[in-house]
Amino acid sequence: MKALVKSKPEPGIWFSDNEPTPTLGPNDVLVKVHKTGICGTDIHIYKWDAWAQKTVPVPMVVGHEYAGEIVEIGSAVHSLKIGERVSGEGHVIGMKSRATRAGRFHLDPDTRGIGVNMPGAFAEYVKVPAFNIVPLPEEVDDELGAILDPLGNAVHTALSFDLVGEDVLITGAGPIGIMAGAVARHAGARHVVITDINPVRLELAAKVADIVPVNVAKEDLRDVMARLKMKEGFDVGLEMSGAPVAFQQMLDVMLMGSKIAMLGIPATPFAVDWNKIVFKMLTIKGIYGREMFETWHKMLAMLQSGLNVRPVITHRLKVADYLEGFEIMSRGECGKIVLDWS
Ligand code: NAD
Ligand code: ZN
């Protein structure tokens, strides 16, 4: 089959047309891939940075954001049908830990990643445990299905705290930050402010939802707060940049007793002024992946009830042009890029 493969331990991802089609275990299904999304994680693997070098065994079919159709079913799978249109959770869990045995699947320490340390979805076919499969409702077509993984990150983060009537600050207008802005708006926040230093992304943010873009390289966040008549500070912060300076800036403008959910992954450890966290009595919650499967339920339900994140898809490319997609993504000149496998 055709696939995009990390075949050598050096920068790059290579097209192959003779990858073996995966063989199923009794609890797996085989999905024929229709559309895939390029993720920041794929860019780390493409560039072969320190994280990728220590995490990804080579050779590896990459990619974990996908939508497609079930074409084969393992002998022990009874809940799914051939022909069903699906996406799926990219984190594959064990069933041995205390957390999974208590039903807290997203807290399993044995989590592995499709397209990271097990064969991925940038391929004609991907093997997925039936447990991970999420059937798609009619309202969610294949290109939306291909971005549910990052939308799930956005939903998991945004819904960590009550947003109704609250003022929300999002640092980082990458695809996930922008989608979190749309979710916060849909969920009933009052002001939603998003910061970045990349004008392309801030412009996109304002197109996707009714959120206030702030270029912190040029504008003072406090001036924007004054314009919005925000007297004290933000009630909820969503850190989605991984930039230490963005987090430090967030700490400055949070209200006493407010809450921060952190999705962004800093490249290296950094210092913070703990006095701000202590004396403002902030609650800080780390976010990893999506809740299985509550995040999936909520995001599909919101997509069915008016949440519109389609404008965050800025590029639709054929698989043959995948390198162009990886390059555009590396330069940050885009929202989501979707590859078409048909
Ligand atoms: P992205 O890299 O596309 O977006 C990050 C944005 O932050 C960029 O637009 C960048 O210009 C902006 N930024 C840089 N410096 C900034 C500053 N000082 N202030 C404000 N913004 C600044 O990433 P993404 O795909 O949207 O993902 C968002 C973050 O979440 C990344 O750090 C990613 O690694 C992380 N992530 C975490 C998980 C998880 O499970 N925890 C899952 C997916 C992604
Ligand atoms: Zn992803």
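Predicted model: local features only at pLDDT ≥ 70, side-chain atom pairs only at ≥ 80, totals over all residues.
**Reading helices and an active site**

Me: How many residues does helix 6 have?
Reply: Helices are DSSP runs (H or I, at least four residues), numbered from the N terminus. Helix 6 covers residues 175-187, which is 13 residues. The expected span is 1.5 Å times one less than the number of residues. From first C-alpha to last, helix 6 reaches 18 Å, close to the 18 Å expected.

Me: Is helix 6 mostly covered or mostly open?
Reply: A residue is buried if 20 or more other C-beta atoms, placed from the backbone, lie within 10 Å of its own, exposed if 12 or fewer, and partly exposed in between. Helix 6 is mostly covered, with 11 of its 13 residues buried. Among them are Pro175, Met179 and Arg185.

Me: Where does UniProt place the active site?
Reply: UniProt positions follow the numbering used here, feature names are shortened, and annotations may be inferred rather than shown by experiment. The unreviewed UniProt entry places "active site" at Thr41 and His44. Threonine 41 lies in helix 1, residues 40-47. Histidine 44 is in helix 1 too.

Me: Why does threonine 41 count as buried?
Reply: Because threonine 41 has 23 C-beta neighbours inside 10 Å. Histidine 44 has 19 other C-beta atoms within 10 Å, so histidine 44 is partly exposed.

How values were computed:
Residues numbered from 1 in each chain as written. Chains lettered and ligands numbered in written order. Helix = DSSP H or I, 4+ residues; strand = E, 2+ residues; numbered from the N terminus.
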